[in-house]
Amino acid sequence: MSAPSDCDRSPGCEAAIGLGANLGDPVATLRSAFDALAALPGTRLLAASPLYRSAAWGRQDQPPFVNAVARLHTRLAPDVLLEALLRIEAGHGRVRADDPALRWGPRLLDLDLLLYGARRIDTPGLRVPHPHLHERAFALRPLLDVWPDAAIPGLGPARDLLAGVDEAGVVRLDDSHDRSDRRL
């Protein structure tokens with residue numbers, strides 16, 4: 001499959017969604033979130049990465065996270081997709097707080113729009129590519145599992161970016177949830 005392309009040239013776009021959780025049962029939560037992503041209207045789940053455990057990023061005074069990436073083909077516009085992601089989070093009990101002290105804190109579910117084709121978006125509430133994607137092995141590693149030739153607009157191939165970050169502590173959990181190229 002190809003690297004992100006200009007979504008305006010075809011019906012729909014490929015997008016990468018980062019998934020993370022460290023409260024409750026993170027493995028079950030991420031599997032449920034994959035199901036919810038696959039059920040979005042006008043959207044097909046192309047691939048779901050393996051799950052990875054990693055230490056918390058930003059604030060380390062919390063349990064480790066379980067992370068993954070979903071690769072989607074969607075006809076939803078980026079802002080509409082973001083709203084759908086926020087609804088999925090809320091459906092899993094996530095309450096977003098505007099308190100900066102809670103930034104990067106423990107979460108029942110976090111869904112981030114990492115990539116939307118080759119588009120660069122910078123609007124209030126939405127920045128794509130995700131502004132920290134290139135710094136996070138826990139996001140780059142599963143991204144490459146589902147999108148081996150992914151490129152981060154403005155930064156280059158994800159594979160090259162992963163080579164520049166520390167992957168120590170990002171541990172693959174299992175392969176038991178292959179949901180590639182089908183609706184769930």
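**Reading a predicted chain**

Among contacts in the chain (heavy atoms within 4.5 Å) between residues at least 6 apart in sequence, 72% join residues at least 24 apart.

Q: What kind of model is this, and how are residues numbered?
A: This is a predicted model, where local features need pLDDT of at least 70, side-chain atom pairs count only at pLDDT 80 or more, and totals for chains, interfaces and linings use all residues. Numbering starts from 1 along each chain as its sequence is written, and side-chain values use heavy atoms, leaving out hydrogens and water.

Q: How many helices and strands does the chain have?
A: Helices (H or I, at least four residues) and strands (E, at least two) are DSSP runs, numbered from the N terminus. Here there are 4 helices and 10 strands, in the order β-α-β-β-β-α-β-β-β-α-β-β-α-β.

Q: What span does helix 1 reach?
A: The expected span is 1.5 Å times one less than the number of residues. Helix 1 (residues 26–38) has 13 residues and reaches 18 Å from first C-alpha to last, close to the 18 Å expected.

Q: Which residues of helix 1 are buried, and what covers them?
A: Buried means under 20% relative accessible area, exposed over 50%, partly exposed in between (1.4 Å probe, protein chains only). In helix 1 the buried residues include Leu30, Phe34 and Leu37; their cover includes strand 1 (13–21) and helix 2 (78–91).

Q: How many residues of helix 3 are buried?
A: Helix 3 has 8 of its 10 residues buried, among them Phe138 and Leu144.

Q: Where is Pro129 found?
A: Pro129 lies in the loop between strand 7 (126–128) and helix 3 (137–146). A cis peptide bond joins Val128 to Pro129, with omega about 0°.
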